[in-house]
Amino acid sequence: MAIMHARFEVSDVVGGDGSSSGGSSPASVSGPSDSDGSSCSSSSAADELFPDARELPSTSASVPVLAGVGFHPISPTSLSVLSDIDVHMQRMARLLPAFASPAAAPRAQALGRWLAGFDVGWVLEMDAGGGRLPRREVGRRVRVWAQALSTMDRVFRLRHREARNPANEAAAAQLAALGELASASAGAMLRLATAVAALGASPSALLAALDVYVPVSEAYPGLARMFSWSTAAADAALAALVDAARRCVRGLPASIRSHYPWRMPQGGEVHPCVGFWMGYFRCMLRNRVSLYLVLAGGDGGETATTPALAPGGEGGLVADLISRLEAVLEEKSGELAFPGLRQVFMLNNTHAIVRRAVRSDLAMFLPPGWARAREERMEGYVKSYLDASWAPVVSRLAAAATKPAAVSVLRRRRDPLAAFNSALENACSAQRCWKVPRPVLRHVLRRTVSEHVVPAYRRCLEAAETPAAARTVEELERQLSELFEG
């Protein structure tokens with residue numbers, strides 16, 4: 001038996017033309033797919049079902065919602081409003097008198113109107129400790145909050161430059177009022193950072209912490225220098241986010257094993273968790289600077305409990321997490337009892353993992369030889385599949401081809417291919433229902449099975465006294481070409 005045609009080159013895994021295309025990762029939710037075009041626009045990826053983008057069915061089991069205060073819905077026009085700096089500058093001019101001394105209007109009401117213009121008025125409904133965020137809302141809240149903070153930062157900087165010239169008492173009063181508004185806004189916006197840091201360790205909480213860390217670390221130091229604030233509150237929030245993210249990273253291996261319903265597909269197809277987790281890993285790398293700081297422990301050194309982001313030795317964090325996913329798949333595949341189905345399942349899923357990795361930025365964080373090792377593993381699955389599923393079928397041909405010197409009349413009349421035909425029909429009837437979604441894999445498996453079975457059958461026909469009604473070689477080839485249609 002030759003297995004040479006079962007080689008899985010990277011070009012086959014990437015695509016027929018060897019091209020590579022990217023995608024980011026989980027963000028929206030739809031049906032299970034073996035496609036690679038998942039996107040990752042925010043922590044909402046793992047937020048609502050805690051799953052990935054375009055990789056999981058919307059009917060998947062949902063994550064329990066945390067108790068929390070009710071929030072006003074985010075308007076669909078919020079992102080377009082945020083980009084209109086002139087509108088915010090005009091609003092600021094109307095609201096600044098409330099932050100002057102003496103105040104010309106209730107300050108709390110003015111602050112609420114100011115934040116509501118960025119669609120983040122809901123931060124004032126959170127208590128000073130950050131409150132508790134409904135998990136289904138985390139991703140959307142973080143996305144709008146980050147855009148609001150970025151725009152707010154630009155508005156404050158622009159107004160600060162304008163208010164400094166000319167330098168007089170009126171300008172000084174304007175700067176003082178601007179500083180009060182900026183201080184109140186920054187304090188209110190930090191409530192979300194505190195709430196995210198207080199979330200329990202979970203995949204969605206990690207994405208949220210990474211998404212919040214960058215805006216806080218970029219905006220608050222500059223505002224503090226501009227208005228001569230202390231950075232203590234922002235520093236504390238950043239430290240809390242880092243601690244929360246580290247807890248989440250340490251919990252990812254357990255999440256891979258337990259946080260997804262591991263119902264095994266009975267056709268051997270790609271498990272939905274592969275699309276989710278591979279998309280999640282890509283989403284996690286969206287804020288790789290934040291992730292690096294989390295893994296480095298803030299001092300540039302690798303922490304004792306988490307691997308480094310970049311590959312080294314056996315590989316970094318990405319390689320470690322993918323290996324854990326593969327280990328769970330291998331373990332769960334034992335539930336598939338039909339001979340050969342476990343190997344087809346692992347072949348499908350390993351191919352899906354490699355394909356998603358090499359077509360995305362995950363490839364940059366995997367050690368040399370990672371893809372090649374999995375190609376060799378897939379070749380092993382094909383060989384094991386043949387041994388488990390087709391070797392017993394082909395073994396029936398050896399007995400059929402035997403020509404003893406003397407046989408009884410009864411044995412001469414018996415169909416020597418009966419045992420083979422029975423085993424063949426059993427195998428084909430089962431494997432027609434097995435699913436191999438990728439055409440390249442389906443072609444490899446069918447060709448390999450045909451090269452394993454057909455030559456032995458042809459030799460048997462030539463060597464044995466077979467009935468005229470025996471199936472032809474062409475009929476056998478056609479029957480084997482119908483495998484794995486699902």
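At what angle do helix α6 and helix α7 pack, and how far apart are their axes?

Modeller: Keep in mind that this is a predicted model. Helix α6 covers residues 169-197 and helix α7 covers residues 203-227. The two pack at an angle of about 160°, and their axes are 11 Å apart. An angle over 145 degrees counts as roughly antiparallel, and α6 and α7 are therefore roughly antiparallel to each other. The crossing of α6 past α7 is left-handed.

Next come the residues that make the contact. On the α6 side they are Leu175, Leu178, Gly179, Ala182, Ala186, Met189, Leu190, Leu192, Ala193 and Val196. On the α7 side they are Ala208, Ala209, Val212, Val216, Tyr220 and Phe227. Sorted by class, the contact of α6 with α7 has 15 nonpolar residues, 1 polar residue and no charged ones.

Another pair can be set beside this one. Helix α8 (residues 232-258) packs with helix α9 (residues 272-284) at an angle of about 160°, with the axes 12 Å apart. By the cut-off of 145 degrees, α8 and α9 are therefore roughly antiparallel to each other. For this pair the crossing, α8 past α9, is right-handed. Leu252, Ser255 and Ile256 of α8 make the contact with Trp277, Tyr280, Phe281 and Met284 of α9. The contact of α8 with α9 holds 6 nonpolar residues, 1 polar residue and no charged residues.

One further residue of α8 can be looked at by itself. Proline 253 lies in helix α8. Leaving aside residues up to four places away in sequence, proline 253 touches Leu321 and Arg324. Between proline 253 and leucine 321 there are 68 residues in sequence, counted as a separation, yet their C-alpha atoms are 6.7 Å apart in space.

Finally, the setting of these helices. The protein has 17 helices and 0 strands. Of its 486 residues, 49% are buried. Among contacts with a separation of 6 or more, 77% are between residues 24 or more positions apart. The protein exposes about 21,100 Å², and 54% of that area is supplied by carbon and sulfur atoms.

How values were computed
Residues are numbered from 1 along each chain as its sequence is written. This is a predicted model: local features need pLDDT of at least 70, side-chain atom pairs count only at pLDDT 80 or more; totals for chains, interfaces and linings use all residues. Side-chain values use heavy atoms; hydrogens and water are left out. Helices (H or I, at least four residues) and strands (E, at least two) are DSSP runs, numbered from the N terminus. Buried means under 20% relative accessible area, exposed over 50%, partly exposed in between (1.4 Å probe, protein chains only). Contact means heavy atoms within 4.5 Å. Accessible areas come from the Shrake-Rupley method with a 1.4 Å probe; for residues, only the protein chains shown count as cover. Axes are lines fitted to C-alpha atoms, for helices over the stretch in contact, and angles run from 0 to 180 degrees between N-to-C directions. Angles under 35 degrees count as roughly parallel, over 145 as roughly antiparallel, 65 to 115 as roughly perpendicular and the rest as oblique. A crossing is left-handed if the near helix is turned anticlockwise from the far one by less than a right angle, and right-handed if clockwise. Ala, Val, Leu, Ile, Met, Phe, Trp, Tyr, Cys and Pro count as nonpolar, Asp, Glu, Lys and Arg as charged, and the others, Gly among them, as polar.
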